[in-house]
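The following note sets out points for a colleague who is meeting this structure for the first time. Please read the numbered paragraphs beside the sequence and the coordinates.

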Amino acid sequence: MHALVTGSAGFIGHALGRRLLAAGHRVTGFDAFSPYYDVALKRARHADLARHPGFEAVEGRLETPGALLDVMARAKPDLVFHLAAQAGVRYSLIDPGAYVDANLVGFANLLEAVRAHPVRHLLLASTSSAYGGDAQVPFRETDRAVSPLTLYAASKLANEAMAHSYAHLFGVPTTAFRFFTVYGPWGRPDMALFLFTAKILAGEPIEVFGEGAAERDFTFIEDLIDAILALSERPPPKPTEGGPVSAADTLSAVAPYRLVNIGGGRPVRLDAMIGALEAALDRRAERVLKPLPPGDVIRTHASTELLHALVGSLPETPLERGIPAFVDWYLSYYGDQ
Ligand SMILES: NC(=O)c1ccc[n+]([C@@H]2O[C@H](COP(=O)([O-])OP(=O)(O)OC[C@H]3O[C@@H](n4cnc5c(N)ncnc54)[C@H](O)[C@@H]3O)[C@@H](O)[C@H]2O)c1
């Protein structure tokens, strides 16, 4: 099997690429090495993938006209995993244009490239932020989600809608994932666990938004990859060829399209996450409590009913094991300063 992974130098794309390569598949990785965070870390992730002979790297931007069409024409992948995006909730208040370029223009280019070179299954990353201000807990895929709180969330909701329209018109089976706060080795330097680790090791105070009471449905990276790989083998059927797997199913009535949460379904308070990090680092954090920034939600909590109906039960690594795995990686990569 040959997969195109966009965002392959990113946190999730790299982890997915490793697993696909280890399973004997070929992987074409497409990434722009955007400077949103440490480019050296992105280069190191790609270097890690390049140790495998089945990996081919392509450097390019989603929004460059023709770039994705060229890759698709040459690689002819069986599957496309679209993970490249301008990520981050808070940064969308600082540089909205980056979200328009990568997530709207870039995503339209991705759909056009898949239209020209159809694949067995297109899988794309959306976010728990898509639930926005509508959310009742747990967040169910069948809940109304029409009140995004940031341009990031709005761009991802738009991606879901755009993907549905293309699945309807051109028939490529498409699964959109809503991910919930993913963490683990090779993680993202803009996210709380990474920021806190760097600050605690430097002996600096950490800023705790939501005064520690915010809750996140933390998902360990390898559990997320297990779910993505299992779902990749279950492309949504055409409306004439199959029906919903359960009452929780989001299978479209007019397209081979489905939306699935990938989260553990067990939200944890931020202060409990910090406690687990202190234990793993064997250091105390000096906390500066701050209110929730605009655009952030107080809690995220995935309903996992549909995920489990589709792929059965999957590993669920608790924070008490996932955080030490992150800390081990961090210390081996950066040292303890
Ligand atoms: N990590 C999480 O907790 C989380 C949660 C919800 C959704 N997501 C989504 O999952 C996907 C992967 O997230 P991640 O955590 O690996 O983020 P990441 O920022 O580590 O990876 C994204 C990659 O895309 C690349 N990229 C950005 N803009 C590009 C462009 N215009 N052209 C080509 N490449 C570009 C970046 O260089 C980066 O390597 C994203 O779509 C993100 O929105 C992540």
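1. Val100, Val105 and Leu151 make up a nonpolar patch on the surface, and their accessible area together is about 190 Å². Patches consist of residues with over 30% relative accessible area and no salt bridge, like charges being joined within 9 Å and nonpolar side chains (Val, Leu, Ile, Met, Phe, Trp, Tyr) within 5 Å. Accessible areas come from the Shrake-Rupley method with a 1.4 Å probe, and for residues only the protein chains shown count as cover. Leucine 151 belongs to helix H5 (residues 151-170). With a relative accessible area of 32%, leucine 151 is partly exposed; buried means under 20%, exposed over 50%, and partly exposed in between (1.4 Å probe, protein chains only).

2. On the basis of the note: this is a predicted model, in which local features need pLDDT of at least 70 and side-chain atom pairs count only at pLDDT 80 or more, whereas totals for chains, interfaces and linings use all residues. Residues are numbered from 1 along each chain as its sequence is written, and side-chain values use heavy atoms, with hydrogens and water left out.

3. Seven strands form an open sheet with parallel pairing, in the order S3-S2-S1-S4-S5-S6-S11. At the edges are strand S3 (55-59) and strand S11 (257-262), each of which pairs on one side only. From one strand to the next the twist averages 20 degrees. Helices (H or I, at least four residues) and strands (E, at least two) are DSSP runs, numbered from the N terminus; two strands pair if DSSP finds at least two bridges between them.

4. Strand S2 (residues 26-31) pairs with S3 in the parallel sense over five bridges, and aspartate 31 stands opposite glutamate 59 in S3. Strand S1 (residues 2-6) also runs parallel to S2, joined by five bridges; here threonine 6 faces phenylalanine 30 in S2 as its opposite residue. Why is S2 largely enclosed by the rest of the structure? Five of the six residues of S2 are buried.

5. Helix H7 (residues 221-232) lies across strand S4 (79-82), strand S5 (121-127), strand S6 (174-179) and S11, and runs at about 160 degrees to S11. Axes are lines fitted to C-alpha atoms, for helices over the stretch in contact, and angles run from 0 to 180 degrees between N-to-C directions. Contact means heavy atoms within 4.5 Å.

6. Threonine 317 is found in the loop between helix H9 (305-311) and helix H10 (319-334). Is threonine 317 buried or exposed? Its relative accessibility is 18%, so threonine 317 counts as buried. Apart from neighbours within four places in sequence, threonine 317 is in contact with Tyr183, Phe220, Asp223 and Gly322.

7. The structure holds 20 salt bridges, each being a side-chain nitrogen of Lys or Arg within 4 Å of a carboxyl oxygen of Asp or Glu. One of them joins the side chains of glutamate 56 and arginine 74 (2.8 Å, N to O). This pair links distant parts of the chain, with glutamate 56 in strand S3 and arginine 74 in helix H3 (residues 67-75), 18 residues apart. Glutamate 56 counts as partly exposed because its relative accessibility is 28%.

8. A salt bridge also connects the side chains of aspartate 190 and arginine 188 (2.8 Å, N to O). Aspartate 190 counts as partly exposed at 24% relative accessibility, whereas arginine 188, at 19%, counts as buried.

9. The side chains of arginine 299 and glutamate 215 meet in a salt bridge of 4.0 Å, N to O. Arginine 299 is in the loop between strand S13 (287-290) and H9, and glutamate 215 is in strand S9 (residues 215-216), 84 residues apart. At 35% relative accessibility, arginine 299 is partly exposed.

10. Some backbone details deserve attention. The peptide bond from valine 137 to proline 138 is cis, with omega near -10 degrees, and proline 138 lies in the loop between S5 and H5. Threonine 181, although not a glycine, has a positive phi of about 25 degrees; its place is the loop between S6 and strand S7 (182-183). Tryptophan 186 is likewise not a glycine and has a positive phi of about 65 degrees. Tryptophan 186 lies in the loop between S7 and helix H6 (192-202) and is buried, with a relative accessible area of 15%.
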